[in-house]
Each structure stands twice: as C-alpha cells, then as structure tokens.
Amino acid sequence: TACGDEEDAFWLLTRVVEDMAEGCYTRYMAGMSLYIKVFERLLMYTLPDLSRMLEQKGVIPSSFASQWMLCLFMSNPFKRLQALDLWDFYFLHGPNVLFTIGIGLLRFHKERLIRAGRDDLLDFILHNITEGVDIRDLLIHADMLQMDKWVKTLQKSYEKDIVRQHSKLSFGLCEQLARQAGIGDDKTDFVQKIWSNFLEPEPRLTLFKSVVTDLGNFSRAFCESVLSNKNKAWDHALISGVVHRLFDMMDIFNCNSIRFIDFLKVIAVLKLGTNGQKMKLCFDFFDKKQRGYVSGDVLVETLGMFHMMYGMPASKKAAQQSGSGEYSNNSDTPFPPSSSVRHHEPSHSVLADPETFALMMFEKLRKMVRPAKIEQKFIATTTSRPCTMCKKQCKRICKAVFAPTCGSECCDLFIKSTKRQLGKKGSIDGQLSFEPFSAVICTHPMVQSFFSLEDPSLVFRRKGD
C-alpha cells in the first residue's frame with residue numbers, strides 16, 4: 001500500500017475521496033451520514049447486548065464510528081504494519097471493510113466494554129480499541145461476502161432517508177453560501193430554493209457527488225431556477241449549444257462537473273444581480289476561452305446559438321432561404337423582458353443572420369470611436385467610479401464604450417487602442433474587450449432578453465445627461 005511516488009499517492013487519495021468514500025468528504029457529508037446509519041443498524045443486529053449497553057450509558061455509535069470512518073481507522077493507534085494491512089484489504093474489498101473492522105473490534109473487546117464505566121468506555125473505544133487485535137487475522141476470518149450483502153441492503157434502504165434529510169440545508173449553511181455567492185445573509189430562502197432545484201433532477205447522485213455532471217440534469221436545474229415555465233425555446237437551447245456553453249462556463253475546474261456554489265453564483269446574478277453583473281456574465285458567456293476579449297468568429301458562433309434557440313436563421317444562407325428574419329418576443333421566449341428593460345425594435349434585415357448582426361456591431365463601434373472628437377464624447381455622472389485605464393476616481397462616462405474615463409491622456413490612448421482592436425472597416429476580424437462589447441451587445445434583442453440586460457446608453461439618457 002505504501003506509495004513511493006508522490007503522483008501515485010495523490011491519485012490514490014483522489015480515488016479514495018471521490019469514489020470509494022463517496023459523499024464522505026463533501027460539504028454536506030451525506031455519505032458519512034449513511035455510513036453511520038448503516039453501522040448503527042449492524043451493531044444492533046450483530047451485537048445486540050453491547051448495543052443496548054452503549055445506549056444505556058449514553059454513548060452513541062456516531063461519537064466514535066465517525067472518526068473511524070472518516071480517518072479510515074488512522075485516528076486510532078494502529079501500528080504501521082497493521083495500518084498497511086488494513087489499507088490492503090480496503091483497496092481489495094472496498095469500503096465495506098470498514099464495517100467489518102468496526103464490528104470486529106467491538107466484538108473482540110465486548111466483555112471488557114460491557115464491564116467498563118461510561119467515561120472509561122468512550123476513552124477506551126477512541127484510543128485503545130486496537131489493543132491485542134491482529135487486524136489481518138480479524139479480516140481473514142471475517143465473512144466478507146455476508147457483510148457486503150448486509151451493507152448493500154441497508155444502504156439501499158436508508159439512501160432515500162438521507163437524501164430527504166439533506167434536501168433542506170441548515171440556516172447557518174444557507175447564510176454561508178449566500179455570502180460566498182455575494183447576495184447577502186438575508187437571502188437564505190433563495191439559497192434553499194436553488195438548492196432544491198439543483199438536487200431535484202437526480203437527488204442521490206448530486207448529493208453524494210456534491211456536483212452535477214449530466215448536461216440534461218443541469219438543464220432541468222437551470223430551467224427550474226431561472227424560468228417560470230419550461231417552453232419550446234429552452235428545449236432548443238439544449239440542441240443549439242446554449243446549455244452546453246452555460247455548463248462549461250460554470251465548470252471552473254474543467255472536470256465536466258458543476259459545484260452548487262458555482263451554480264448558485266450564476267443564478268444569483270441572473271435573478272438578483274445588477275446590470276453590470278449581468279453584463280459581465282454575458283461577456284464571460286461569449287468569451288468561451290477566457291481570453292479577455294470576444295473575437296469576431298466567436299461572436300458570430302455564439303449569436304448563432306441564440307438564433308437557433310429562438311428558431312431564427314443561424315446563417316446568411318439560411319436567412320436567404322427562409323426569407324424571414326423577424327424576431328418576436330412571444331410566449332416561447334425563455335427570458336421574457338422585464339418592464340425595466342427597454343428592448344430595441346429590430347429591423348427585418350438586422351436579425352437576418354448572426355454574421356450580418358456581428359458586422360453591424362463592429363461598424364457601430366467604429367463610428368462611435370473617433371479619436372478626433374474624443375472631447376465631445378463624454379457624459380457627466382453624479383457618482384465617481386474608477387477610471388478604466390488609470391483607476392483614478394472620475395465622474396465622466398465615455399459615450400463610445402460607456403466606461404468611466406477621467407479624460408487624461410491614457411484615456412485617449414484607451415479609445416485609440418479600442419479602435420485598433422476593431423480591425424478594418426467592413427470586417428469582423430477584430431476583437432471586442434468588455435467595454436466595447438457591453439456598449440453594443442444590448443442591441444441584440446435575444447441576448448438582451450436572455451440575460452435581462454439594460455442598454456447603458458439608455459440609463460444615462462433617463463438621467464437627463
């Protein structure tokens with residue numbers, strides 16, 4: 001069992017934590033709860049006298065069994081060779097060996113435990129239970145097949161109870177998750193609701209793995225959390241690639257799984273976030289390779305996903321063949337616009353295909369960014385915000401990219417660099433960083449509706465600037 005190579009030791013530990021001791025080392029420890037419940041029942045069945053005595057003296061099995069199971073009996077003073085024997089059997093026969101060892105140790109010292117006082121009893125179990133025990137002999141003579149049958153039967157019987165028990169998070173854990181998601185301690189009910197939606201598609205697997213790994217289950221959880229009702233357009237989202245892109249965006253460790261906290265953060269932005277937070281989420285969605293910019297080809301590809309999702313032509317050829325590119329915000333729209341969001345009235349030609357729309361976005365930005373007229377392109381604001389370039393506090397917004405700019409020389413350079421990033425006129429070969437992206441993406445009604453975005457230019461106009 002001893003590993004001389006660090007990498008082998010790491011992957012061995014990974015195998016134990018993620019697979020063999022499933023659910024025992026997660027935030028919710030559902031697997032450990034199941035282990036304890038099964039161990040208590042095995043103790044009552046195999047050693048009824050000792051079980052009754054422990055109950056009479058107020059010693060509950062979880063007070064010592066949890067240490068045994070969590071530490072794989074390493075918290076007790078096993079000798080090194082005995083520990084290696086134990087681990088050999090553990091990797092050979094699986095986690096059910098832990099129940100065999102636990103029951104075997106208690107059976108070996110049964111008479112001594114029954115005679116012991118309450119204080120001495122727990123101390124002996126926690127620190128001296130391995131005295132005189134030959135672990136190899138204990139395991140060799142144990143009926144492993146019978147123990148496996150018992151454990152599997154009991155686990156199957158208690159799994160639903162464990163899932164039901166953990167379907168409601170504690171108030172303290174809800175507060176902790178709310179703080180981590182950046183939504184405040186008072187949103188515990190919101191956290192609980194999203195947790196229920198996260199579990200609902202496949203409760204057992206999600207709870208014990210502490211992640212969602214299936215794209216279909218993720219889609220159902222996302223739909224329940226964000227949409228009031230599932231509709232045709234959301235079904236299209238699975239096929240178009242929108243759901244897959246959302247999954248990849250939340251899979252921050254690139255291991256084809258999503259943790260609840262990462263799921264919660266995205267849902268919190270969509271449901272409770274500010275326009276700036278939603279805009280950043282939208283940018284991250286388009287910036288699939290996390291380069292800090294959206295290239296023209298990626299912009300066209302991603303817009304194509306939304307066009308397919310809403311049943312619109314996803315290419316110039318398809319638009320010409322269909323002869324119709326009109327977009328309507330009907331009942332099949334997964335994210336109906338809120339009253340606070342002003343949507344643009346798209347023309348028939350603008351939404352004919354993603355490439356045409358992407359070119360329109362680039363051209364609009366090229367017209368907005370004119371270094372010769374920089375001094376005429378500022379809007380005064382009432383609140384100070386850090387300058388995009390030099391980080392000084394300023395009260396001016398650049399009309400070109402709707403970003404805080406203090407008007408210094410570095411800001412002029414910022415506008416000029418933005419112009420260079422946009423590339424040649426009439427092409428989509430350029431790049432969009434966050435500021436220019438946020439200045440024009442709201443002109444696309446499907447994206448604006450999906451992320452509930454508000455056009456930054458409309459915000460300043462309403463303020464009378």
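**Salt bridges and helix packing: a chat**

Colleague: Quick one on Lys288: what's its relative accessible area?
Modeller: Lys288 comes out at 36%, so it's partly exposed. The cut-offs are under 20% for buried, over 50% for exposed, and partly exposed in between, with a 1.4 Å probe and protein chains only.

Colleague: Where do these values come from?
Modeller: It's a predicted model, so local features need pLDDT of at least 70 and side-chain atom pairs count only at pLDDT 80 or more, while totals for chains, interfaces and linings use all residues. Residues are numbered from 1 along each chain as its sequence is written, and side-chain values use heavy atoms, with hydrogens and water left out.

Colleague: OK, back to Lys288. Which residue does its side chain meet in a salt bridge?
Modeller: Glu301, with N to O at 3.2 Å. A salt bridge here is a side-chain nitrogen of Lys or Arg within 4 Å of a carboxyl oxygen of Asp or Glu. Lys288 is in the loop between helix 18 (275-286) and strand 3 (294-295), and Glu301 is in helix 19 (residues 296-309), so the pair links distant parts of the chain, 13 residues apart. Helices (H or I, at least four residues) and strands (E, at least two) are DSSP runs, numbered from the N terminus.

Colleague: And what's the relative accessible area of Glu301?
Modeller: Glu301 is partly exposed, at 36%.

Colleague: How many salt bridges does the structure hold?
Modeller: There are 15. Some of them join up: Arg15, Asp19, Glu22, Glu159, Arg204 and Lys209 are linked in a network.

Colleague: What about Glu22 and Lys209: how far apart are their closest N and O atoms?
Modeller: 3.5 Å for that salt bridge. Glu22 is in the loop between helix 1 and helix 2 (30-46) while Lys209 is in helix 13, so the pair ties together parts 187 residues apart in sequence.

Colleague: Is Glu22 buried or exposed?
Modeller: Glu22 counts as buried, at 18% relative accessibility. Lys209 is partly exposed at 30%, and Asp19 is partly exposed too, with a relative accessible area of 37%.

Colleague: Switching to packing. At what angle do helix 2 and helix 4 pack?
Modeller: About 125°, with the axes of helix 2 and helix 4 (residues 62-71) 10 Å apart. Axes are lines fitted to C-alpha atoms, for helices over the stretch in contact, and angles run from 0 to 180 degrees between N-to-C directions. That angle makes helix 2 oblique to helix 4. For reference, under 35 degrees is roughly parallel, over 145 roughly antiparallel, 65 to 115 roughly perpendicular, and the rest oblique.

Colleague: Which residues of helix 2 meet helix 4?
Modeller: Met32, Tyr35, Ile36, Phe39 and Glu40, and they meet Ser62, Phe64, Ala65, Ser66, Trp68, Met69 and Leu70 in helix 4. Contact means heavy atoms within 4.5 Å. The residues of that contact divide into nine nonpolar, two polar and one charged.

Colleague: Then helix 11 and helix 17: how do their axes cross?
Modeller: The axes of helix 11 (residues 171-181) and helix 17 (residues 260-272) come within 9 Å and cross at roughly 60°. That makes helix 11 oblique to helix 17. On the helix 11 side Leu177, Gln180 and Ala181 meet Phe260, Ile261, Leu264 and Lys265 in helix 17.

Colleague: Last one: what is Ser427 in contact with, beyond its neighbours within four places in sequence?
Modeller: Leu359, Phe362, Glu363 and Arg366. Ser427 is in the loop between helix 22 (409-421) and strand 6 (431-432), and it's buried at 14%.

Definitions and conventions. Ala, Val, Leu, Ile, Met, Phe, Trp, Tyr, Cys and Pro count as nonpolar, Asp, Glu, Lys and Arg as charged, and the others, Gly among them, as polar.
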